[in-house]
Each structure stands twice: as C-alpha cells, then as structure tokens.
Amino acid sequence: MAPPVLHRVIWGSQTPPTPAHASLLHIRPAILHAHQRHKVKHADYPAILPTQATANTSVRGTLVTGLTDGDIWRLDIFEGSEYQRQKVRVRVLESQPRGGDGEEGMGDLEQTQGENVEGEEVEAETYIWIAGAQRLEPEEWDFAEFVREKMKRWVGREAAETDEGFQGRPSINGAIAHQPQGVV
C-alpha cells in the first residue's frame, strides 16, 4: 500500500533509483470489496481476508501496474509464507478534488470510505492472509496510523540503520514455505 515500502522491496530504496525506474510503475488508489483488513498480533503489517459476499466490507489499497516478473518475485519473497497471492477484482478510485492527495498512489489518508468514488473494475492480484485467524486481532488495521507512527521502521534512515522492518518479516528470516508460481 505504501509506495516507499514497495520501492524498498523491489529496488532497495524508498524512492525509485532513477527517473526511468519511476516511469515503470503506475500506482493508483483502489478498493477491494468483500474483504476485510485486520491487525496482525505483534506486527506492524496487516492481513486481508475474504468475507461473505453479502457483508458490506471492503479494503482500500493501491493498484500497482508495471511490475516486472522480478519485482513480483521479490514481493512474493517479502510476503513469505503468511500470505498467498490470489487473483481478485478491484475498483480503481477516482481522484478527489480536495487537494492533499498525499504520497503518490495512497490517495487522501483522511478520506472516509463514504467519500470513495469508484471507477473501472480491473483484475489484480493481492496477498491473502493464510497464517491463521488466531494470529489476528479483531480490529481493523489503520493505514494512516501506520504511516504516522510505524512506516519509518520500514523505510528511511531508521530502517536503513537497523533494517528493523525487514528483519521482523518471517520471509526475510528464511521461513519461506513456497516458491513463486507463474507470474501474471
């Protein structure tokens, strides 16, 4: 969801290394219906799970296009055995004229779900939590809180000095249970 974290995973720095790299990716806010996002116990990162189609739940995130096979391979390793990449249908969110669009692709972090203006529906892939409900907290993970209070552990000087954000991931610690399958 956070472009600086995405960039760090695929390029090793929180910003694209060159303008050519930056031009490869297109990042837009999107919404995934019939899914819910939870806090993972003792972790900074979230988990998303499908819900009943009749439930009025959705997850706001980002749609990233222009990823290479190598980028997706690095994302698969980063997400590790806690998640499984699955095909989903998302709706691209239209930009709002409120200003304060925030970091590219993240949209307005203060915008409420009721303010979302949905555009085209597209096929995408996302990482669905498969590590068990017992590891989740009942409340929803808050992206704005992550950006304010925890993202510095995943990117920037604090992450570069300690590498804390990545060392905490089971996938980075060698607990990878699956190899990436074909890339779409």
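Tutor: Let's start with elements: helices (H or I, at least four residues) and strands (E, at least two) are DSSP runs, numbered from the N terminus. This is a predicted model, where local features need pLDDT of at least 70, side-chain atom pairs count only at pLDDT 80 or more, and totals for chains, interfaces and linings use all residues. Residues are numbered from 1 along each chain as its sequence is written, and side-chain values use heavy atoms, leaving out hydrogens and water.

Student: Which residue takes a positive phi just after helix 1?

Tutor: That's glycine 12, with a phi of about 85°.

Student: And how many helices and strands does the chain have?

Tutor: There are six helices and six strands, running α-α-β-β-β-β-α-β-β-α-α-α along the sequence.

Student: How many residues of helix 1 are buried?

Tutor: Buried means under 20% relative accessible area, exposed over 50%, and partly exposed in between (1.4 Å probe, protein chains only). In helix 1 (residues 3–11), nine of its nine residues are buried, and these include Arg8 and His7 as well as Val5, Leu6 and Trp11. For the chain of 184 residues, the buried share is 38%.

Student: What is isoleucine 10 in contact with, leaving aside its neighbours within four places in sequence?

Tutor: Contact means heavy atoms within 4.5 Å. With those neighbours set aside, isoleucine 10 touches Leu25, Leu67, Asp71, Arg74 and Leu75. Across the chain, 77% of the contacts with a separation of 6 or more are between residues 24 or more positions apart.

Student: Why does histidine 35 count as buried?

Tutor: Histidine 35 counts as buried because its relative accessibility is 10%. You'll find histidine 35 in strand 2 (residues 35–39), and its side chain reaches the backbone oxygen of histidine 33 at 2.9 Å. Apart from neighbours within four places in sequence, histidine 35 has contacts including Leu49, Pro50, Val88 and Ile128.

Terms used. A polar contact is a pair of N or O atoms within 3.5 Å; within protein, one must be able to donate a hydrogen and the other to accept it, and residues adjacent in sequence count only if both atoms are side-chain atoms.
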